[in-house]
Amino acid sequence: MWRIFLLVCMAGAIHAQWGVAHAAPATSASTATPAPGAMGIDIPAMGDAVFSPSTPVPAIAPFSPSRANPLSPLSPRIALVIGNGAYGDLADALRTNAPRDAEAMRDTLATLGFDVIMRTNATPRDMQQAIGEFHRRLQGGGVGLFYFAGHGMQVGRQTLLMPAGLDARSPASLVKDGIDLNGVLRAMSAPRAGRLNVVVLDTCLNNPFAADTARDAPALPADTVVAYATAPGGFAADGPRHGVYTNALLRELKRARSQTLGSLLQHVAAQVREATANEQRPWTATTLTLSLPVHSANGGSRDASTSLAWAVDDAPVVTLHSRGILPKDSSEQYEITFWNSIKDSNYPADYEAYLKAYPNGRFATLAHARIDRLRAAAAASAPAAAPPAAAAVAPAPAPQAARPAVPASAPAQERPHATPAPTSSAAAPTAPATAQKAISRPAVAGESRDCAACPIMVPVPAGSFAMGSSTDDPSEKPVHHVNIGAPFAIGKYEVTVEQWNACVAANACQKATPDSNTNKAAPARDLSWDDAQQYVKWLSKVTGKPYRLPTEAEWEYADRGGTTTAYWWGDQMRKGNANCKDCGDPWHKEGPEPVGSFAPNPLGLYDMNGSVWEWTADCWHNNYQSAPVDGHAWDSPGCDMRVIRGGSWREGGGYMLSATRFKYSAGVRQSQDGMRVVKDLK
C-alpha cells in the first residue's frame with residue numbers, strides 16, 4: 001500500500017518533467033481566483049495560481065508511462081521535515097504532536113524512497129542549517145518536499161515559521177528569529193532537472209500583532225505547490241496525536257486512488273473542515289497546473305464524498321488555536337507586552353522588529369527616535385582607522401578563542417551545514433538612505449588603482465607566518481609555517497556592487513542577483529566562484545595586469561597583518577571591528593553594510609572579517625596535511641568545492657577569527673558569498 005504513493009509523493013505523481021513540458025500553462029491569478037464563497041475571502045496570488053479546496057479541478061488524459069517521470073527510481077527525491085513543539089508558552093497538544101507529526105511524515109516519505117532530512121524542536125540555527133543542507137542536496141535535481149509543523153504566524157506579507165525555544169513573552173525574538181517562508185522557497189527555486197517543489201505547512205497563519213492579516217500569497221518559484229493547513233488569518237488545530245491537517249494528509253497518502261493532485265488536496269481539506277466544524281479551512285497556492293494525474297497501482301478511485309466517511313479524525317479536536325502564537329483579539333495588550341520587552345534595549349534591531357510588527361503602532365514614533373539615537377551614538381563612537389603597518393614574520397599563533405562547531409547561518413554548501421542558508425526575506429530591503437550613495441574613495445600613498453572602475457589595491461610585502469589554529473576545528477590543523485616569497489597587492493575593500501556592475505556593463509560578467517545587490521557601495525554578493533573567475537579575467541583584460549583571486553595562504557597572511565592573536569585586533573571579540581551579528585552597530589540582518597564601515601586591520605584592509613565570505617583560489621581540503629608551504633594555491637583537477645574565508649554579516653563574533661575557513665560549491669551562488677581580488681607585483 002505504501003508503494004502506491006510512489007505516484008503520489010504529496011504533490012503526488014505530479015510528473016514534473018512532463019508537467020512542465022506537456023501540461024497546460026499554469027493558471028494566471030486573474031483566472032484562478034477561488035470560487036465565490038469557497039473560503040470566505042478573496043486571496044490574490046501575486047501572479048501565482050491559487051485555488052480553494054472546493055474549487056473544481058478538471059481531470060486530464062491518463063499519464064503515459066513513456067513520459068519522463070521525476071518520481072522514477074533514477075529521479076532524486078529530497079525532503080526536509082521539521083516538527084517544533086518546544087515553545088515556552090505552549091499547551092501540551094502542540095508540544096507532543098508537532099514532533100510526532102514530523103516523525104510520521106519522515107517514515108511515510110522514507111518508505112517512498114525519499115532522502116529525508118528531519119529536525120524536531122529545531123532552534124533558529126538548526127533550521128537555517130537544515131534549509132542550507134536541503135538546498136545543497138536539491139542541486140542534483142528532482143522532487144523537493146518541505147514539511148513544517150509548529151507555531152507559525154503572518155507579519156505583514158511574511159509567513160514566519162517559529163523555531164523551537166522562542167517565547168511569546170519575548171515578541172521581538174519571534175520577529176527577528178522566525179524563519180521566513182520566502183527563504184525556504186528561495187532554497188528550492190534554483191533550476192534543476194525534473195524540478196518539482198512541494199511545501200506543506202501545518203501551522204497557523206494568524207497575525208498576533210494585529211487583527212488584520214495580509215491576504216497576498218508569496219511569489220512562488222516555478223513548479224511549486226504550497227499547501228497551507230489554514231487560510232491567511234486562520235488557526236490550525238491539533239487532534240489527540242497529530243495536527244488535524246497532518247492527520248488527514250497521512251491518511252490520504254496511504255489510500256489507493258486515481259485522481260488529480262487538486263483532488264488529493266481537496267480530499268484533505270474536506271476532511272479538515274469536517275473535523276473542525278468548518279473552523280479550519282485549508283488553501284493552496286501553486287504555479288503548477290493542478291489537474292495532473294495521481295494514479296494507483298490498481299487504478300482504483302473514489303470521490304470526495306466517500307473520503308469523508310472514513311478520513312475524519314477518530315477523536316475530537318483537542319485545541320483549535322494550538323498552532324498560533326495567541327488569539328488575535330489580544331493584539332492591543334500584546335503590543336504593550338512587545339514594547340515593554342524592548343523599551344530599554346540598546347540594539348536598533350529590537351526597535352526595527354517592533355516597527356515590522358506595528359508599523360503604525362502607538363510607540364512607532366518613539367521607536368524611530370530610538371533607532372536614530374542609537375545609530376548616531378554608534379557612529380560617533382566608532383574607532384579611528386588604524387594606520388597601515390607592514391606585515392612581519394609571525395611566530396605560531398596564540399591559543400585561539402573557542403567557538404561553536406558550525407556558524408549560525410553559514411552558507412549552506414557543505415559548511416558542515418545557513419544563510420544559505422538561505423536568507424529570510426523575499427527581497428532584501430535597502431539599507432538606510434544615508435548608505436545608498438556609492439562611495440568614491442581615492443587611492444592614498446602606497447595604494448594603486450588601475451582604472452576608474454577598478455578596486456583600490458594595497459601592497460603586501462613578502463614574509464612568513466604560522467597558518468591555521470590549534471582550536472577544536474580539525475580543518476584548521478595542523479598549524480604550519482608558510483613563506484610568502486613575493487609581494488602582492490590585495491583589494492583594500494571587497495569588490496563592490498558598483499565595481500561588479502562595470503563588468504556586467506562590459507558583457508563580461510553575469511548580472512548579480514538584483515535583490516541582494518541594491519546598494520552600490522555594499523560588497524557584491526550572491527556570487528559563485530565561477531562568477532569571480534569571470535570578474536578577474538575581465539579585470540586583467542582591461543588593465544593588462546595579472547589579477548586573480550587570493551590563495552588561501554595569502555588571504556590569511558593579509559588578514560592577520562602581522563598579528564598572532566585569534567582576531568587581528570586581539571584575543572577577544574571587540575565591537576566595532578567587523579560587520580557581523582552581535583558585533584556592534586551598524587548591523588542589519590537584511591544585508592552587509594557599505595564597504596569600509598568598520599575599522600581596518602593593520603595593513604589598512606577593510607572587512608576582511610565579516611561582511612561577506614570571500615572566495616579564494618584553493619580547492620577545499622579537510623585539513624592542512626600536505627598543504628603548500630610557499631603560499632601557492634592548493635588545487636586539484638576537477639575540483640568543485642572551493643575555500644571561502646572571513647565569515648559574513650550573518651554570523652556571530654565566533655566566526656570572525658583569522659583562521660576560520662569553510663567551503664562552498666564553485667558553481668553555486670549564495671547570498672553571503674562575495675570576493676576580493678589580488679594582483680601580482682612582479
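Predicted model: local features only at pLDDT ≥ 70, side-chain atom pairs only at ≥ 80, totals over all residues.
Local features were considered at pLDDT of at least 70 and side-chain atom pairs at pLDDT 80 or more, while totals for chains, interfaces and linings use all residues. Residues are numbered from 1 along each chain as its sequence is written, and side-chain values rest on heavy atoms, with hydrogens and water left out.

Disulfides make a friendly starting point. A disulfide is a covalent bond between the sulfur atoms of two cysteines; here, a pair of cysteine sulfur atoms within 2.5 Å was counted as one. Searching the whole structure gave 4 disulfides. When the bonded cysteines are counted along the chain, their pattern is 1-2, 3-4, 5-6, 7-8.

One of these bonds joins Cys-451 to Cys-454, with an S to S distance of 1.9 Å. This link is right-handed, with 100 degrees about the S-S bond. To describe how its two ends sit in the structure, buried means under 20% relative accessible area, exposed means over 50%, and partly exposed lies in between (1.4 Å probe, protein chains only). Cys-451 has 25% relative accessibility and therefore counts as partly exposed, whereas Cys-454, at 0%, is buried.

Another bond runs from Cys-503 to Cys-509, again with S to S 1.9 Å. It is right-handed, with 75 degrees about the S-S bond. Cys-503 counts as buried because its relative accessibility is 0%, and Cys-509 counts as buried at 8%.

A further disulfide connects Cys-619 and Cys-639, where the S to S distance is 2.1 Å. The angle about the S-S bond is 95 degrees, and the link is right-handed. This pair ties together distant parts of the chain, 20 residues apart: Cys-619 belongs to strand S18 (residues 613–619), and Cys-639 lies in the loop between S18 and strand S19 (641–645). Helices (H or I, at least four residues) and strands (E, at least two) are DSSP runs, numbered from the N terminus. Cys-619 and Cys-639 are both buried.

In helix H6 (residues 244–253), 10 of the 10 residues are buried, so the helix is largely enclosed by the rest of the structure. Its buried residues include Val-244, Tyr-245, Arg-251 and Glu-252. Helix H14 (residues 552–560) is also largely enclosed by the rest of the structure, because 9 of its 9 residues are buried. Among them are Glu-552, Trp-555, Asp-559 and Arg-560. Just after H14 comes Gly-561, which takes a positive phi of about 55 degrees.

In soluble globular proteins, nonpolar side chains tend to be buried together. A nonpolar core is taken as a set of buried Ala, Val, Leu, Ile, Met, Phe, Trp, Tyr and Cys residues joined through side-chain atoms within 4.5 Å. The largest one has 41 residues, of which Trp-500, Tyr-535, Met-656, Met-675 and Val-677 touch the most other members. Helix H12 (497–505), helix H13 (529–543), S18 and strand S20 (661–665) are the elements that give two or more residues to this core. H13 provides the largest share, 6 residues.

Apart from this core lies another, of 35 residues, including Met-162, Leu-181, Val-184 and Ala-231.
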